[in-house]
Amino acid sequence: MKKDRKLYKLQRLVICFLLIVSGSCSDFLDEDPISDVADQTFWNNEEEANSGVAGCYSQLRKTLNSALAYYAYGDLPTDVFASDRDIVDYNYVQEVDWGLAVAATETNAIMYRLRNFQYFYATIRQANLCLARIPTIPEDNFADYDAAFNQFMGEAYFVRAFSYFYMARVWGDVPIINDNTVDVVDLNDYYRDDKERVIAKAIEDCQAALTHLSWEYLNAEDVAVRANAGAAWTLLANIYAWQGDYENCERAAEMVLSSGNYSYVDRNDYLDIFSGQSSESIFEIAQNADNEANAASAGGISNYLLRDDYLTTVTDATLWPFDTLTLRQTLFNDENDLRRTEGFWQFDDDYPVLLKYANIDYSTDTYALGFNNIVIFRLAGIALLQAEAQAAQQKYAQARQTLDYIRGLAGIEPSEAPDSELFEAIIDERGRELFMEGHRFYDLVRLAREKNIFKFGSSDSDKISEAEFQEGKYYWPVQPSIMEVNPLLVQTEYWRSEME
């Protein structure tokens, strides 16, 4: 049955079981966002709608890769990296010295790019274009209108929800563009909305995505690199966890875990996860094709975590050396752990090498290419998130069962943590399982909120103390040059005095 457009715009209809439109993953995700000029003659048929949605993913990939943002936000400012070890190019990031002065003209500077949330709004604008324009395409111009329309709309809502949630974790208060206006180019007329409203917006968009998305994929090439219902439920569970709403987090996680759509990769083949689109993966940013890969020997994550036998341009010491105290005593303290034995090279060296991002290729004469997807959500992560939610609700038996199952997959013994310490034990298990996958910082924030335990630095929380945490230091400042253009914006509260 065809949708009534007006009812759609009012979001009164709940869409049932849908199919995803087939297409090439690498071609789909390499599409450029639609330009203002092209928009005037675009949006005429299913193929153009598909390209428009592809632009959402392409822009999101650019955003998360800019200045290695995904890892700079999620991993660098944690106990994984010690303040007394030099982190090439990113010392100020890992030391949580985010108030570094950067001239307005230094737009390529790492700190400038990381403090600039306009990159995320380019992604949101592309999603807005899709949400506004796809409903205007004649229904007869789709091969299967209901399936294609709902898939594309669901993906656009998902990308927008993901973007708002991501910004809420990084900056807290950020502007909300409440409509699908396609002419919004900048943020000059917007205030920073309260973080609770931003989270509410992300939840609203995620729930809208779920009214459109199916669990199924028509084409194996689409698995994980395009959003489906599993990706949307997983995102919603993560949003609820960040909000401290562990009851709803547990319920959303259960939707994924009970779906039967995902299965664990044998931990003897642990690295298969990071080649991309494994049976365990729920949502990834595709970059494992020639037209998506990063320059591993120039600026990709591989450049900072590999050396010697794996990357000929970096020898002796990795550019981002891990805090070996955290690595060997807090996280991978069991020598039988398959995530340690299979996931690292020269683990006992001063500069151990993480192999998750060793999928590089030297076939080009110019530079090595890194072909690892950014694995954002996967089965072990959502299972441990549900366990975290259960521990927070004092459902210790259920939480422990999941925790021990994940540990068993890795070949290590059940946890001996008492119930009173189970929440922290689950956070640390996530640290092992999701090591350098962009989650540790946010996990430590939730640990600090829930249990008043601060583990941002390997000793005395030297990156973010308890007092600094309560003052909101874990939220990033906004690049000052943005506020010079838009006086309606104000600086993140903790950083106001630091950046004067």
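A residue counts as buried when its relative accessible area is under 20%, as exposed when over 50%, and as partly exposed in between. The model discussed here is predicted.

Q: What makes strand β1 mostly covered?
A: Five of the five residues of β1 (residues 281–285) are buried, a label that needs a relative accessible area under 20%.

Q: With which strand does β1 pair, and in which sense?
A: β1 pairs with strand β7 (residues 374–378) in the antiparallel sense, over four bridges. Pairing requires at least two bridges, and the four found between β1 and β7 meet that requirement. Within this pair, Ile285 is opposite Ile374 of β7.

Q: How much of the protein chain counts as buried?
A: Of its 500 residues, 59% count as buried. The secondary structure of the chain comes to 21 helices and seven strands. Of the contacts between residues at least 6 apart in sequence, 69% join residues at least 24 apart.

Q: Why is Arg340 called buried?
A: The relative accessibility of Arg340 is 15%. The limit for buried is under 20%, so Arg340 at 15% falls on the buried side. Arg340 is in helix α15 (residues 338–341). Leaving aside residues up to four places away in sequence, Arg340 touches Phe332, Asn333, Asp334, Glu335, Phe347 and Asp348.

Q: What makes α10 roughly antiparallel to α11?
A: Helix α10 (residues 195–210) and helix α11 (residues 229–243) pack at an angle of about 160 degrees, with axes 9 Å apart. Angles over 145 degrees count as roughly antiparallel, and therefore α10 is roughly antiparallel to α11. The crossing in which α10 passes α11 is left-handed.

Q: Which residues make the contact between α10 and α11?
A: On the α10 side they are Glu196, Ile199, Ala202, Ile203, Cys206, Gln207 and Leu210. α11 contributes Ala229, Ala232, Trp233, Leu235, Leu236, Ile239, Tyr240, Trp242 and Gln243. By class, the residues of this contact divide into 13 nonpolar, two polar and one charged.

Q: What makes α18 roughly antiparallel to α19?
A: The angle between helix α18 (residues 422–433) and helix α19 (residues 440–451) is about 175 degrees, and their axes are 10 Å apart. The limit is over 145 degrees, so α18 counts as roughly antiparallel to α19.

Q: How do the residues of the contact of α18 with α19 divide by class?
A: The contact has four nonpolar, one polar and eight charged residues. From α18 come Phe423, Glu424, Ile427, Asp428, Arg430 and Gly431. They meet Arg440, Asp443, Leu444, Arg446, Leu447, Glu450 and Lys451 in α19.

Q: What makes β2 and β5 the edge strands of their sheet?
A: The sheet is an open one of three strands in the order β2-β6-β5, with antiparallel pairing. The strands β2 (294–295) and β5 (360–361) each pair on one side only, and that makes them the edges.

Q: How do you know that β5 and β6 count as paired?
A: Two bridges join β5 to strand β6 (residues 369–370) in the antiparallel sense. Asp361 is opposite Leu369 in β6.

Q: What sets the phi of Val96 apart?
A: Most residues other than glycine have a negative phi. Phi of Val96 is near 55 degrees, a positive value in a residue other than glycine. Val96 lies in the loop between α6 (91–94) and α7 (110–114), and its relative accessible area of 2% makes Val96 buried.

Q: Why is Asp308 called partly exposed?
A: Its relative accessible area is 24%. The class covers values between 20% and 50%, so Asp308 belongs in it. Asp308 is in the loop between α13 (301–305) and α14 (324–331), and its phi is near 45 degrees, a positive value in a residue other than glycine.

How values were computed:
Residues are numbered from 1 along each chain as its sequence is written. This is a predicted model: local features need pLDDT of at least 70, side-chain atom pairs count only at pLDDT 80 or more; totals for chains, interfaces and linings use all residues. Side-chain values use heavy atoms; hydrogens and water are left out. Axes are lines fitted to C-alpha atoms, for helices over the stretch in contact, and angles run from 0 to 180 degrees between N-to-C directions. Angles under 35 degrees count as roughly parallel, over 145 as roughly antiparallel, 65 to 115 as roughly perpendicular and the rest as oblique. A crossing is left-handed if the near helix is turned anticlockwise from the far one by less than a right angle, and right-handed if clockwise. Contact means heavy atoms within 4.5 Å. Ala, Val, Leu, Ile, Met, Phe, Trp, Tyr, Cys and Pro count as nonpolar, Asp, Glu, Lys and Arg as charged, and the others, Gly among them, as polar. Buried means under 20% relative accessible area, exposed over 50%, partly exposed in between (1.4 Å probe, protein chains only).
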